[in-house]
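Good morning. I will take you through one structure today, part by part. Please have a look at the screen before I start.

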Amino acid sequence: MPEALLSCRGLQAGYGASQVLFDVGFDIAPGQVVTLLGRNGMGKSTTIKTLIGALRLRAGELRFGGHTLGGLAADAVARLGIAIVPEGRQCFPNLTVHEHLVAFAAHRNGQRDAWTAERIYQVFPRLKERARNLGNQLSGGEQQMLAIGRALSTNPRLLILDEATEGLAPVIREDIWRCLRQLKEAGQTTLVVDKYIDRLVALADHHVILERGRVVWQGNSPALSADRGLWQRYLGV
Ligand SMILES: Nc1ncnc2c1ncn2[C@@H]1O[C@H](COP(=O)(O)OP(=O)(O)OP(=O)(O)O)[C@@H](O)[C@H]1O
């Protein structure tokens, strides 16, 4: 097992008086795709908010690429190379597709094969066709592709997708899954939260199941596929 890019142990976090995360711990190795699973309200988004510095870490250890993240503000975490595609896409209505892909461009992964606009267009040919369109002229699926492309343009060492296929038509969702497979083949380290477990099993290397703010199971795709009891107990499917 290569050294982890992200490593968290015993994470605790919450909102005011309500504690939501009690004991969250997992690793993400370079190039891995890891999922956070669990029913609604179990702490997936709260874990992500804690990782990106949007929510204060109350206890635990959070390390990323040799840095300790706990206590760092969100902009500092972003500069270290964690990019998030948030729920709800958030494209800019009056920037063109191409402007989205160059305005935030950075080089944070230290790799030679940078995600340039051209490379992003290879993964998302639809975006190339729409390069001159404004953000508010795009369909929901195109906006989602653009949100992923924009995050990639910062060349993150870790890409985080929170419910990236939420609200999309099935055919568009499949397009997003195909793109995520391409990103994985290109070596992009990714953390995914989504509800389509069968698709995640096909895509990801490692899965982490949360139940009321604690990791109750983690393992690889064959192990998760083989244990339908886990799906019923923790995932409600
Ligand atoms: N801003 C907030 N203030 C107070 N409580 C919150 C806030 N955001 C989330 N919570 C609570 O924290 C708990 C965990 O929520 P979280 O959003 O992390 O769950 P989740 O696993 O991502 O599920 P979902 O798919 O519903 O988003 C829930 O009980 C939720 O009500």
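Let us begin with the ligand. Which residues surround the ligand? They are Tyr15, Ser18, Val20, Gly38, Asn40, Gly41, Met42, Gly43, Lys44, Ser45 and Thr46. Keep in mind that this is a predicted model.

By class, this shell holds three nonpolar residues, seven polar ones and one charged one. Two elements each give at least two residues to the shell: strand E2, residues 18–28, and helix H1, residues 44–51. Which element supplies the largest share? That is H1, with three residues.

Strand E1 covers residues 6–15 and pairs with E2 in the antiparallel sense, over seven bridges. E1 and E2 form a hairpin with two residues between them. In the turn, Gly16 has a positive phi of about 55°. Look at Tyr15 now: its bridge partner in E2 is Ser18. Both Tyr15 and Ser18 were in the list of residues around the ligand.

Now a second hairpin. Strand E9, residues 206–211, is joined by six bridges to strand E10, residues 214–220, and the two run antiparallel. His207 has Gly219 of E10 as its bridge partner. Here too, two residues lie between the strands of the hairpin. Arg212 is in the turn, with a positive phi of about 45°.

E9 has another partner, strand E3, which spans residues 33–37. How do E3 and E9 run, parallel or antiparallel? They pair in the parallel sense, over four bridges. Opposite Val208 in E9 stands Leu36.

Last, a pair of helices. H6 spans residues 140–152 and H7 spans residues 170–185. Their axes come within 10 Å and cross at roughly 20°. Angles under 35 degrees count as roughly parallel, so H6 and H7 are roughly parallel to each other. The crossing of H6 past H7 is right-handed.

Which residues make the contact? From H6 they are Gly141, Gln144, Met145 and Ile148. From H7 they are Ile172, Asp175, Ile176 and Cys179. Sorted by class, the contact of H6 with H7 has five nonpolar residues, two polar and one charged.

That is the end of my part.

Terms used. Residues numbered from 1 in each chain as written. Predicted model: local features only at pLDDT ≥ 70, side-chain atom pairs only at ≥ 80, totals over all residues. Near = placed C-beta within 6 Å. Nonpolar A, V, L, I, M, F, W, Y, C, P; charged D, E, K, R; others polar. Axes fitted to C-alpha atoms, helices over the stretch in contact; angles between N-to-C directions. Parallel < 35°, antiparallel > 145°, perpendicular 65-115°, else oblique. Left-handed = near helix turned anticlockwise from the far one by under 90°. Contact = placed C-beta atoms within 7 Å. Pairing = 2+ DSSP bridges.
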